[in-house]
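Hi,

Here is the structure I said I would pass on to you. Have a look at it first, then read my notes below.

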Amino acid sequence: MSAARDTEKLLAAREAALLVERGMRVGLGTGTTVAFLLEALSTRAIDATFVATSPHTQAAALALGLHVEDFDAETELDLAIDGADQIAPDGWLIKGAGGALTREKIVAASAKRYVIIADSSKLVDSLGPPVPLELMAFGLRATLARLGSTTVRAVPLSPDGGVVADYHGEVHDPALLSRRLADMPGVVEHGLFAPTLISDVLVASGNTVRRVISGGRQ
Ligand code: 5RP
């Protein structure tokens with residue numbers, strides 16, 4: 001990954017870190033962009049409580065001195081901030097390259113405001129494969145046969161015991177595919193995130209951070 005992309009991630013992360021205020025309960029996504037966010041948050045040293053979407057984020061946040069709680073201790077979050085793999089002009093996203101999509105979607109849905117941060121390489125004209133999936137281990141072969149065009153990743157099970165996989169079929173209509181995947185027995189979660197879940201998308205291009213999409217959620 002180029003230094004320019006890392007600079008963009010850093011700038012978007014710093015902008016989002018400014019949204020965190022004292023006393024807030026904040027969800028933290030997973031990935032390299034979120035790693036910059038964690039650093040920015042530790043520099044600001046705000047008295048806030050954080051919930052992590054992966055063991056990796058949890059360990060990194062704790063190492064930086066952030067106050068992290070289990071999500072079981074919270075019912076609603078004030079804010080959640082996360083990265084994305086693809087951002088379409090209509091606000092649909094693909095997430096889950098890091099395999100944390102299920103927890104990320106739960107945290108997104110539990111936050112009053114859900115903000116995406118990204119470098120400019122994540123902007124696409126239309127979403128395309130792969131769409132990350134978390135699948136039940138039980139009946140896995142039958143689920144894969146029903147799905148078609150899906151490969152299982154050579155990675156450990158998710159922290160919740162799910163099998164991480166990728167759907168390689170065309171996306172075409174994200175709403176339709178989202179429903180199809182959600183309705184499929186054996187699919188725990190999929191990486192299509194609807195605009196109605198998203199409040200803001202902050203993308204850095206060069207030295208400028210822009211709110212490229214004001215999501216469908218207020
Ligand atoms: C992890 C994710 C990440 O947010 C997404 O893959 C972006 O990662 P990065 O910031 O490393 O490009 O969805 O499951």
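This is a predicted model: local features need pLDDT of at least 70, side-chain atom pairs count only at pLDDT 80 or more; totals for chains, interfaces and linings use all residues.

Where do the domains run along the chain? The assignment gives domain 1 as 2-122 + 193-211 and domain 2 as 131-191, so when you colour them, remember that domain 1 is written as two stretches. Their C-alpha centres lie 23 Å apart. In terms of contacts, 14 residues of domain 1 touch 16 residues of domain 2.

**Salt bridges**

Side chains of opposite charge can pair when their charged atoms come close. How many salt bridges are there between domain 1 and domain 2? The count is two. For the whole model, the count comes to twelve.

Here are a couple to find on your screen. R103 pairs with D160, with the closest N and O atoms 2.9 Å apart. D82 pairs with K95, and there the closest N and O atoms are 3.0 Å apart. D82 sits in strand β4 (residues 77-82) while K95 is in the loop between β6 (93-94) and α4, so this pair ties together parts that are 13 residues apart in sequence.

**The largest pocket**

Next, go to the largest pocket, which holds about 270 Å³ of space. The elements that give two or more residues to its lining are α3 (55-63) and α4 (101-110). Which residues lie nearest the centre of this pocket? They are G98, G99, A100, S158 and P159, out of 20 lining residues. Both domains take part, with at least three lining residues drawn from each of domain 1 and domain 2. By type, the lining divides into eight nonpolar, eight polar and four charged residues.

**Two spots in the backbone**

Finally, two backbone details to look up. The peptide bond from P129 to P130 is cis, with omega near 5°, and P130 belongs to the loop between β7 (111-119) and β8 (131-135). The other is A45, a residue other than glycine whose phi is positive, near 50°. You will find A45 in the loop between α2 (32-44) and β2 (49-52).

Notes. Residues are numbered from 1 along each chain as its sequence is written. Side-chain values use heavy atoms; hydrogens and water are left out. On a 1 Å grid over the protein atoms alone, a cavity is a set of points where a 1.4 Å probe fits but cannot get out, and a pocket is an open set with protein on both sides within 12 Å along at least five of seven lines; lining residues have an atom within 4 Å of a point. Grid points are joined across faces, edges and corners, and a volume is the space filled by probe spheres set on the points. Helices (H or I, at least four residues) and strands (E, at least two) are DSSP runs, numbered from the N terminus. Ala, Val, Leu, Ile, Met, Phe, Trp, Tyr, Cys and Pro count as nonpolar, Asp, Glu, Lys and Arg as charged, and the others, Gly among them, as polar. Contact means heavy atoms within 4.5 Å. A salt bridge is a side-chain nitrogen of Lys or Arg within 4 Å of a carboxyl oxygen of Asp or Glu.
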